[in-house]
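Here are a few notes to go with your first look at this one. Have the model open as you read.

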Amino acid sequence: MGGDVQTYDQDEVEYARNGAFADLAQRTDYEGCGALFIGDVVGDVLSFYPQTRELTNVLNGPARFLPGNHDLDYDATTSEHEFDTFKANLGPEYYSFDAGKAHVVALNTVEYPTKQPAAHGDYTGALDEQQLQWLRNDLAQVPKNKVIVIAAHIPLLDYADQSNPKHQVAQVAEIYKMLEGREAVALGGHTHSLENLREGDKTAGWNEAFGVDGLPFTHITAGAISGDWFSGREAENGYPLALQRDGGRPGVLTLDIKNTDVIERFTVRGEDDSVQMALGLNTPAYRAWFDANLANKGKAPAFENPLTVPKSDLVNKTWLTTNFWMGSTGSTVKVSIDGAPSTEATRTQAMEGEAQLSGAEFSDPVAAQEQLVNGGSLADRTMHLWRLELPAELAVGAHTAEVTATDVHGREFTETLSFEVTE
């Protein structure tokens, strides 16, 4: 699955070609089931559909598409014509198909007001009654031994926009009733972030906006192929870093499904599956720099010596941070400093019904130091950040932290961070 290719010009088409599509061309593990691109295939410029469709020629399996809010025909005067151009170039706006024992339901969750004139941002997350009835009929025919994958551009629910109904699906409670007692997983795009939300996760925003007090099954926001709209500085490979609003890097999501067991894995653009986290330091000096440059995003001076902390600041909440992109409830992050026994880090957003936590204390310093200097969104909140307060007794000098992140499926990923304590 890939979200939000969202090309606005020919340069961005080439970024996509040399990024996610080049990566997928090297893989053969999706030959049978194919690739699903879940909305915002282009960025309002519908004439780019042929170029984007042409990119799929390198894939080792079928390509399917879903429409997003940037795929709309903005001059539509009736709902059945909202995605005429999309349908003419890429296929139906909603449909279902089987892949092994998985039944994939691809939904159109974008509703656009047909009263003209309407502005580009006037869409909302919803299904019309015709699609809802189709969904009821479709699900009623699915055998109980199949897992149901609900794919949509605007997610059923998400963490990033938890208090904003526009960016989630109005009929989410009704869809949950349709899926009651079924093995299911929901996929979304739209938010340009990565989220791995598990059964039982809850937020104050979902409760207030939709009356949902805890998820009934896994919801995954797949991130964007364009990352943060191809923003930020250009990396050595000539591709923008495009760090997303949660600090996640651009890439694609894979579901490995056996019977009704679903294992998700995220692959960063240009990397193998071992690259799953970013490590940094959240120090008093960093937080002061962060706050001082909020109004200067994209033009901030670089934060100097991000991996150095004065010894006096070790008693002032200095944390080693781990942004574990596919981390979730049930994941653990453990840190060993200089070979000492490991200590378990604390997740900043527990997903136990609390409100969204944001600001310098809850930010990913690795991403924020890129974004405030070079532009793009700001990773000032995320549901997959862990932090460990550095011991006050650390000696002056160089230190090494070994971080092991274990996902909900028991897979372990290890990275090391070298930092220095100064006088």
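How many aromatic pairs are there? Keep in mind that this is a predicted model.

1. The count comes to 17 aromatic pairs. One to look up is Tyr 286 with Phe 303, an edge-to-face pair at 6.1 Å centre to centre, with 75° between the planes. Tyr 286 belongs to helix 7 (residues 284-292), while Phe 303 is in the loop between helix 7 and strand 14 (308-310), so this pair ties together parts 17 residues apart in sequence.

2. Check burial here too. Tyr 286 has 0% relative accessibility and counts as buried; Phe 303, at 16%, counts as buried as well. Ring pairs also bring in Trp 289 and Phe 290, giving a cluster with Tyr 286 and Phe 303.

3. Two rings have a charged residue over the face. Lys 166 lies over Tyr 123, 4.6 Å from the ring centre, and Arg 387 lies over Trp 319, at 3.8 Å.

4. Finally, find Lys 334 in strand 16 (residues 332-337). Lys 334 counts as partly exposed, with 40% relative accessibility. Leaving aside residues up to four places away in sequence, Lys 334 touches Ser 342, Thr 343, Glu 344, Glu 402, Val 403 and Thr 404. From Lys 334 to Phe 303, 31 residues apart along the chain, the C-alpha separation is 27 Å.

Definitions and conventions: Residues numbered from 1 in each chain as written. Predicted model: local features only at pLDDT ≥ 70, side-chain atom pairs only at ≥ 80, totals over all residues. Heavy atoms only, no water. Helix = DSSP H or I, 4+ residues; strand = E, 2+ residues; numbered from the N terminus. Buried < 20%, exposed > 50% of the residue type's maximum accessible area, 1.4 Å probe, protein only. Contact = heavy atoms within 4.5 Å. Phe/Tyr/Trp six-rings, centres within 6.5 Å; stacked < 30°, edge-to-face > 60°. Lys NZ or Arg CZ within 6 Å of the ring centre and 35° of its normal.
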